[in-house]
Amino acid sequence: MRHVSRSILALAVAALVVVSADVPSAQTVNIKLASVVPEGSIWSNSLRQMSTEVSKETGGRVTLTVFAGGSQGDESTVLRKMRLDALQAAALTGVGLGTIDGAFNVFDVPFFFDSYDELNAVTAALTPTLAKRLDAKGFVLVNWGNGGWTQIFTKKPVNTVNELKKAKLWTSAGNDRMVQWFKSNGFEPRAMAMTDIMTGLTTGMVEAVPTTPIAALGYQWYKQTPNMLDIGLAPVVGATIVTKKAWNAIAAEDRQKILASAAAVQKQLEDNVPRTEATAIAEMQRRGLVVTKASGPEWRKEVDGLAATMRGEMVPKDMFDLALKARDAYRKQHPAAQAAPAAK
Amino acid sequence: MIPILSALEDGIAALALAAMVVLPLAEIVVRRIFGVGIPGSGPFVQHLTLWIGFLGAAIAARDGKLLSLATGTFVPEGRPRQIASAFASAVAACMSTILAWGAVQLVRSEREVGSIIAAGVPTWVGQLALPIGFTLIALRLAWRAGTSWFARALGAAGILVGIALIRYPGLLENRPAWPGLVVVLVAAAVGAPIFAILGGAGVLLFMSDGVTPATVLIETYSLSVSPTLPAIPLFTLAGFILAEGHASTRLLRVFRAWFGWIPGGTAVVCAILCTFFTAFTGGSGVTILAVGGVLFPALLKEGYRDRFSLGLLTTSGSLGLLLPPSLPLILYAVVAQIPIEDLFIGGILPGILLTAMIAAWGVREGMRFATTRHPFRTREAVASLWAAKWELAMPLVVVFAMFSGLATAVEAAAVTALYALLIQTVIHRDLSLRRDLVRVFVECVLVIGGVLVILGVAVGLTNYLVGVQLPAKLVNWVQAHIESRLAFLLALNVFLLVVGWLMEIFAAIVVVVPLIVPLGAAFGIHPVHLGIIFVANLELGFLTPLVGINIFLASYRFKRPVLEVCRAALPFMAILAIGVLVITYVPWLTTGLLTMFR
């Protein structure tokens, strides 16, 4: 008797491991899209606009439900849900995109891009390659989202590279390779959760936070960091992606309609985000923020050296070279544009 | 064989907890000396929390200590009770089986992606805690369904039903979820563990929508490895270690000497102490685990009634959330886009009001039940302080570690745990390293696990409610049916109470705040006032049975059934409810200081 019971239990355990589920299909495709962009922000508004357009244009054959503000969890959580089909789409920031494929880290290379125009030109050149890499991981690239430009917010004024290296610099917890990169280049990185930035600044655990002006205003970090170094560290590049499974369930003509709506939204963000960013800086300046422009040969030299160290380490070599080629081609065509690293 | 395996399980759990203390400490030292920390120490500590939690839950299942509603004791003894309990266990085993399978799916998908935690350790290895934990729980629930072989067969049948539901998802998909939910509710009423009720409801609802039950586990995982969570087991450990020795006797002597002449002095001190601790540790019921074990015996020895003491400490666990630098206030300010310092200032008077009301209830208790009073004597006052100097220095250690820039909140918690260990073993020698240490660690792991397994599946259920946009629907209903400001505020109170009851606090802020902020503006409510109403209501929600976290924590910490804790907390809840109403309908309490500062 005892033996029999044990066998039943053993069977139960074995069955636990081997079973798997089959998945149904439906006529209307309901897509749940998650994003960490704050509710009510320029980005969440554009997602909702896309949602309205999609159901109108496709006559309700495709619905897009937007979960903004991180209500479906952080980006790794969202990706996990997408892989198991609990969510079908996401508007991700560079963090999430970098988790899918290191090639997306190309946008995070410090001081690589000088201006939004340069960024847009390089992005356009890289899009086919990046879309293919996403496809290999089971996702479809729908559009790009301009997220602003990272500047460095510091407690004490920073004028030289060495001064910046001495400051305790916040980096996002969970990205250990980035921490190691900062470390080996002589910076003092402090990895912690985004929720700890405020207390970190108050207690002096961190003294410098690289972030976008829009975020610094939104999260109120600027109150602890009265100095902004206008250095154009790196752009924040996001993207909307859909799982291949959901995408393939959509009729070809409806896909075109969705892509058209997404392209329009991308264009809007390209135009509006730089403007919102300028307003955010002006607003913080009105409340006492001091903006210092980083310029001169010292920054330039240091900056190119730092960018080169990312090649192969953070960004796959072929991707880095491709981006470099596209950027240099752009710079050759527009020689006037590259005066100094700047936010515009 | 079985005892050896159990001892091994205990050993692993205790070791994991020890590693969790050591790693952040090593991180502080290494960072000071070499300028940079240990690679991946943060993510590793977070995954240790997950392992401790689910090993702890498995141990709780082994020892029959999974938390359940006490309504099962209403079933008549004898045969009916045996059948009821076997049925409850079978349903719970079924739900655990589905959860275990969801966890397997999560691990598999993570393995395919090939992500790593840090230093080359794959993430899926870290996640293994979930399938292992839930499988052990399922098996143990079936085994403990009863002592008769009939009961155990029923338990095993529960597992088989679980497997059938996994194998043939069509049984649930696109069908109404209510029959399954009714079964789970009946099982809950006759004594199924709480995690099985919430987790079961979660997986059944998801599966009826054709979504994989792994969604619940994704949420469980992300809650368990969140960067701030490790502070909770560490503060808990510190509290457990302190409670083992004579720390409460020494503290009691201080309370007596300094406040013994006031009626209800000790109760007042307890309320104030808990308030500060909660404000500093970032909210939730950490307070109950950390200081409850020390304060409870002190209150009893001082002559307070058992029920009063239980209620007081359960309630005190959520006082202080309105006072700076409480984490929920910061989060609210960020989500609602109002200045953090405004919310801090706005919370001061309401926060003090709630603590004062509870303290006043303590004074009343002191007067009515004539707890012993002690005249103030300077010499004894000084001597008592000296005797308890090590324990009294503890809050200073926490505050110094956190505000000197030396340590993060998690590291400060590790320092606190080490400090508690040192004073108990080296200085006072209350605790023997050889005899007591493993036992205390395992007890602590069991409590953490019992709570984490509930919270972990509760966030899964929350995620379902978010997915079907229930909060938005409720808000729309309110908008359509309510016109007057007064009625709106009342509806808001009820709504937030339900939110606090059903949702974890941080999830609630992220999801609900963006919905109610425009509503509040439409009814002309000051944004800071709305924020304080929100957090105050959640405080109350923590005390509500089923998912009210303070109730669970108190039930575990003081080893009392859930219903008994609820009964004890009831008068306190009523007091807080009055307080919350006052805060809601007297906006001046919130905005008064604010206008003064401007």
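Student: By class, how many nonpolar, polar and charged residues are in the lining of the second largest pocket?

Tutor: The lining has 23 nonpolar, twelve polar and nine charged residues. Ala, Val, Leu, Ile, Met, Phe, Trp, Tyr, Cys and Pro count as nonpolar, Asp, Glu, Lys and Arg as charged, and the others, including Gly, as polar. This is a predicted model, where local features need pLDDT of at least 70 and side-chain atom pairs pLDDT 80 or more, while totals for chains, interfaces and linings use all residues; side-chain values use heavy atoms, without hydrogens and water. Residues are numbered from 1 along each chain as its sequence is written, with chains lettered from A and ligands numbered from 1 in the order in which they are written.

Student: Which residues lie nearest the centre of that pocket?

Tutor: B:Gly64, B:Lys65, B:Leu66, B:Ser68 and B:Arg144 do, out of 44 lining residues. A pocket is an open set of points on a 1 Å grid over the protein atoms alone, where a 1.4 Å probe fits, with protein on both sides within 12 Å along at least five of seven lines; lining residues have an atom within 4 Å of a point.

Student: And which helix gives the largest share of the lining?

Tutor: Helix 3 of chain B, with nine residues. Helices are DSSP runs (H or I, at least four residues), numbered from the N terminus.

Student: Different topic. How many salt bridges are there over all chains?

Tutor: The count is 30, where a salt bridge is a side-chain nitrogen of Lys or Arg within 4 Å of a carboxyl oxygen of Asp or Glu.

Student: Which residue pairs with A:Arg331?

Tutor: A:Asp114, with the closest N and O atoms 3.4 Å apart.

Student: Is A:Asp114 buried or exposed?

Tutor: Buried, at 3% relative accessible area. Buried means under 20%, exposed over 50%, and partly exposed in between (1.4 Å probe, protein chains only). A:Arg331 is buried too, at 9%.

Student: What about A:Arg48, what does it form a salt bridge with?

Tutor: With A:Glu39, at 2.5 Å between the closest N and O atoms. A:Arg48 is partly exposed at 32%, and A:Glu39 is partly exposed at 28%.

Student: Which residues are linked in a network of salt bridges?

Tutor: B:Glu9, B:Asp10, B:Arg62, B:Asp63 and B:Arg140.

Key:
Helix = DSSP H or I, 4+ residues; strand = E, 2+ residues; numbered from the N terminus.
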